[in-house]
Amino acid sequence: KTECGYQFTSKLEGMFTDMKTSKDTMQGFNAMLSNIEMNESPTLSVQVLTTGSWPTQSGATCNPPTEILAMCDKFKTYYLSTHTGRRLTWQTNMGTADLKATFGNGQKHELNVSTYQMCILMLFNSSDHLTYREIEQATGIPSVDLKRSLQSLACVKGKNILRKEPMSKD
């Protein structure tokens, strides 16, 4: 602080504060959940970041699966009940998810994917075939991000999670 000045270090201090606060908030949220329910609901881990402290992109939103949306709503209710005067904005373009997947041949895998990829893959829990338009409408993912996410799931030689017809990058 003395050498660089307050302005230079204040954002970094805000980042460290956010990390500590997020850890404490998640502990409280998980404790609250363990008192209410113990079922196969998704596990949520949230980092609450102060807008001015972090370099962020304009957050494009998407439509999370209902299971995830329910957990997000529970977190939002918990967070706003413990922090007054705050507003939460989900940065779905910055998140990741760990999915346990069972493929047609019975093989089980754990996949670490982006939030957008999770939204796409979870659509296939209830359908074997989806068109680009159906995925776009169901997820609400911006077109550029949707194409990128689908290409990474269907156009990686030897590592395809989804099968695309016709097999091309478009």
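The model is predicted: local features need pLDDT of at least 70, side-chain atom pairs count only at pLDDT 80 or more, and totals for chains, interfaces and linings use all residues. Residues are numbered from 1 along each chain as its sequence is written, and side-chain values use heavy atoms, with hydrogens and water left out. The protein contains five helices and two strands; these are DSSP runs, helices being H or I of at least four residues and strands E of at least two, numbered from the N terminus.

**Overall fold**

- Along the sequence, the elements follow the pattern α-α-β-β-α-α-α.
- Of the 170 residues in the protein, 28% are buried, where buried means under 20% relative accessible area, exposed over 50%, and partly exposed in between (1.4 Å probe, protein chains only).
- Among contacts (heavy atoms within 4.5 Å) between residues at least 6 apart in sequence, 53% join residues at least 24 apart.
- The accessible surface of the protein is about 12100 Å², and carbon and sulfur atoms account for 53% of that area. Accessible areas come from the Shrake-Rupley method with a 1.4 Å probe; for residues, only the protein chains shown count as cover.

**Nonpolar core**

- A nonpolar core is a set of buried Ala, Val, Leu, Ile, Met, Phe, Trp, Tyr and Cys residues joined through side-chain atoms within 4.5 Å. The largest one has 33 residues, and F29, F75, M118 and I120 have the most contacts inside it.
- At least two residues of this core come from each of α1 (6–36), α2 (66–82), β1 (96–102), β2 (108–114), α3 (115–123) and α5.
- In soluble globular proteins, nonpolar side chains tend to be buried together.
- Apart from its neighbours within four places in sequence, I120 is in contact with I135, T139, I141, L146, S149, L150, L153 and L162.

**Aromatic pairs**

- Rings of Phe, Tyr and Trp (its six-membered ring) pair if their centres lie within 6.5 Å; planes under 30 degrees apart count as stacked, over 60 as edge-to-face and the rest as tilted. By this rule there are four aromatic pairs.
- F29 and Y78 form a tilted pair, 5.8 Å centre to centre with 50° between the planes. Because F29 lies in helix α1 and Y78 in helix α2, the pair ties together parts that are 49 residues apart in sequence. F29 is buried at 0% relative accessible area, and Y78 is buried at 17%.
- The rings of F75 and Y79 have centres 5.9 Å apart and planes at 20°, so this pair is stacked. F75 and Y79 both lie in helix α2, four residues apart, about one turn of the helix. F75 is buried at 0%, and Y79 is buried at 3%.
- Ring pairs link F29, F75, Y78, Y79 and W90 into a cluster.

**Cysteines**

- A disulfide is a covalent bond between the sulfur atoms of two cysteines. It is counted here as a pair of cysteine sulfur atoms within 2.5 Å, and the count comes to zero.
- The closest cysteine sulfur to that of C62 is in C119, 3.7 Å away, which is too far for a bond.
- C62 is buried, with a relative accessible area of 9%, and C119 is buried at 2%.

**An exposed residue**

- E165 lies in the segment after α5 (143–154) and counts as exposed because its relative accessibility is 68%.
- E165 and T131 are 34 residues apart in sequence and 9.5 Å apart in space, C-alpha to C-alpha.
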